[in-house]
Amino acid sequence: MAAEKTNEAATILKTNKMRYTYKDLVDMVPSMRRAEFTNVYEYLHKTSDPNDNYLLEKISKHFEVSVTQIKSKRKFSDVVMARQVYLTAVKVCTTKTLSEIARSMNKDHSTVFYAIKTVKSDYQHNAVRRNKIRQLIAKLDTVKQELLLDFFDERNPNILATYSVDADRVAAPSGLEA
């Protein structure tokens, strides 16, 4: 019975061109095999030795804040937002624990937990910050995009299409600019 459901889920995934979120996939797996599925999914989609500098540099460029400011104790709103998004992205895109992430930033694990909670709340309730975070997610690689969109409960895989830069939408420089 369980093997039939697993085969049925695999067939659905192969025949259907839709992209599924983690929660959709978990619902397809029989309940007695969900823990095993979760471990395999995390192993395949998260990196155990991540290149945190990639995320740190992308976030610092996007929020126009230096890397040293993100790692500092400054409490200006733009720096705090960049730091919180970085902590959230590292937690979502890697297998690091809250304590490991906190140690890398000289913070406490509860600070990381608060940052994750704050960013998720801001994403749900603040349209300006949601757009800023979506613009950042559009600049990341596809695996990190999927993980972050799944974290923010975005069901539409095409949500980032409006945030990506198309060659048609970028105007060629005029003679005065060149």
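**Exercise 1. Find why the length of helix α4 agrees with expectation.**

Solution. Helix α4 covers residues 52-63, which makes 12 residues. At 1.5 Å a residue they should span 16 Å, and the end C-alpha atoms are 16 Å apart, so the two agree. The expected span is 1.5 Å times one less than the number of residues. Helices are DSSP runs (H or I, at least four residues), numbered from the N terminus.

This is a predicted model: local features need pLDDT of at least 70, side-chain atom pairs count only at pLDDT 80 or more, and totals for chains, interfaces and linings use all residues. Residues are numbered from 1 along each chain, and side-chain values use heavy atoms, without hydrogens and water.

**Exercise 2. Work out which residues of α4 are buried and where they point.**

Solution. Buried means under 20% relative accessible area, exposed over 50%, partly exposed in between (1.4 Å probe, protein chains only).
- Asp52, Leu55, Leu56, Ile59, Ser60, His62 and Phe63 are buried in α4.
- Down the axis of α4, they fall within an arc of 165°, so they line one face. The arc uses the directions from the helix axis to the C-beta atoms.
- Their cover includes α5 (67-71), α6, α9 and α10.
- Take Ser60: its relative accessibility is 11%, so Ser60 counts as buried. Leaving out residues up to four places away in sequence, Ser60 touches Val65, Ser66, Val67 and Ile70. Contact means heavy atoms within 4.5 Å.

**Exercise 3. Decide where confidence is lowest and highest among the helices.**

Solution. pLDDT is the predictor's confidence in each residue, from 0 to 100.
- The protein chain averages 78, and 70% of the residues score at least 70.
- Helix α1 (residues 2-15) is lowest, at a mean of 55; helix α8 (residues 109-125) is highest, at 95.
- Over residues 166-174, pLDDT stays under 50.
- Where pLDDT is low, the predicted coordinates should not be read in detail.

Terms used
Helices (H or I, at least four residues) and strands (E, at least two) are DSSP runs, numbered from the N terminus.
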